[in-house]
Amino acid sequence: ALPISCAGCTRQSEKRNKDIVTLRAALNSSLEELRAIASGLRIPPGMDHLSLVETAERAVRDFERKFEQKVNLEIAFASTSGTAPMAVKITAYRMIQEALANCWWHARGSAQQVRISFDGDKACIEVSDQGPGFDVKEATDSGRLGLALLSERVQLLGGSIEINSIPGKGTLIKAWLPLFPIEEAENV
């Protein structure tokens, strides 16, 4: 004998189906976000064979194209050719992108400058602006991820980072990246 269908059972089944559709949509959305994040962790295509200097130049040019904003780029060569492992190039590229984008959103691109120099086995990348600045402690405590993730990525390589900003006086982000990072960092 077939079970007798009741209105309550039908409504419950319809609700369950709607819940499944909603859950699928949420999972698909989360998967798309995860893919976008993961693709942002690697260097853009075609950059595998670039030097660290060429990678930094590409980051600046990509930003200029996207935001239609000129950035002053200064490269101070030392005794190194600027070669670096992929993890260092990815970190340099993302650091420059993040810092320039922050300047664009918060200071409307006020006198942006990127400077790259080399000292022995380290590269120093500086990104500065003459914008309104901000309270670094307040920004760190606010839970915003940009600066925190940037700092973490630099430190995972065995590098160090300084974020200096004074309200009304602009911002300077300076990172020292090892050209030969600790072994574990190669997989960052």
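This is a predicted model: local features need pLDDT of at least 70, side-chain atom pairs count only at pLDDT 80 or more; totals for chains, interfaces and linings use all residues.
## Serine 151 in helix 5

Serine 151 has its place in helix 5, which runs over residues 145–156.

Is serine 151 buried or exposed? Serine 151 counts as buried, because its relative accessibility is 15% and the limit for a buried residue is under 20%. When its neighbours within four places in sequence are left aside, serine 151 is in contact with Ile161 and Ile163. Strand 4 covers residues 160–165, and this is the part of the chain in which the numbers of those two isoleucines fall.

## Confidence in the model

The average pLDDT of the protein is 81, and 78% of the residues score at least 70. Over residues 184–188, however, the pLDDT is below 50, although this stretch has 9 contacts in the model beyond near neighbours in sequence.

## The sheet and the helices that pack on it

In what order do the 5 strands of the sheet stand? They form an open sheet in the order 1-2-3-5-4, and their pairing is mixed. Strand 1 (72–76) and strand 4 (160–165) stand at the edges, and because each has a single partner strand, one side of each is left without a neighbour in the sheet. From one strand to the next, the twist averages 10 degrees.

Strand 2 (residues 113–119) and strand 3 (residues 122–129) pair in the antiparallel sense, over 7 bridges. Arginine 115 stands opposite glutamate 126, which lies in strand 3. Helix 2 packs on the sheet, where it touches strand 1, strand 2 and strand 3, and its direction makes about 175 degrees with that of strand 1. Helix 3 also packs on the sheet, touching strand 2, strand 3 and strand 5 (171–178), while its direction makes about 10 degrees with that of strand 3.

A pair of aromatic rings is described by the distance of the centres and the angle of the planes. The structure holds 3 aromatic pairs. One of them is formed by phenylalanine 63 and phenylalanine 67, and this pair is stacked, with 4.6 Å centre to centre and 25 degrees between the planes. Both residues belong to helix 2 (residues 52–67), and because they are 4 residues apart there, about one helical turn separates them. Phenylalanine 63 is buried, with a relative accessible area of 4%, and phenylalanine 67 is buried as well, with a relative accessible area of 15%.

Phenylalanine 67 also forms an aromatic pair with tryptophan 104, which is tilted, with 5.6 Å centre to centre and 55 degrees between the planes. This pair links distant parts of the chain, since phenylalanine 67 is in helix 2 and tryptophan 104 is in helix 3 (residues 86–107), 37 residues apart. Tryptophan 104 counts as buried, at 18% relative accessibility. Taken together, ring pairs link Phe63, Phe67, Trp104 and Trp105 into a cluster.

A disulfide is a covalent bond between the sulfur atoms of two cysteines. How many disulfides does the model contain? The count comes to 0 disulfides, the rule being that two cysteine sulfur atoms must lie within 2.5 Å. Cysteine 103 counts as buried, at 4% relative accessibility, and cysteine 124 counts as buried too, at 8% relative accessibility.

Conventions: Residues are numbered from 1 along each chain as its sequence is written. Side-chain values use heavy atoms; hydrogens and water are left out. Rings of Phe, Tyr and Trp (its six-membered ring) pair if their centres lie within 6.5 Å; planes under 30 degrees apart count as stacked, over 60 as edge-to-face and the rest as tilted. Buried means under 20% relative accessible area, exposed over 50%, partly exposed in between (1.4 Å probe, protein chains only). Contact means heavy atoms within 4.5 Å. pLDDT is the predictor's confidence in each residue, from 0 to 100. Two strands pair if DSSP finds at least two bridges between them. Axes are lines fitted to C-alpha atoms, for helices over the stretch in contact, and angles run from 0 to 180 degrees between N-to-C directions.
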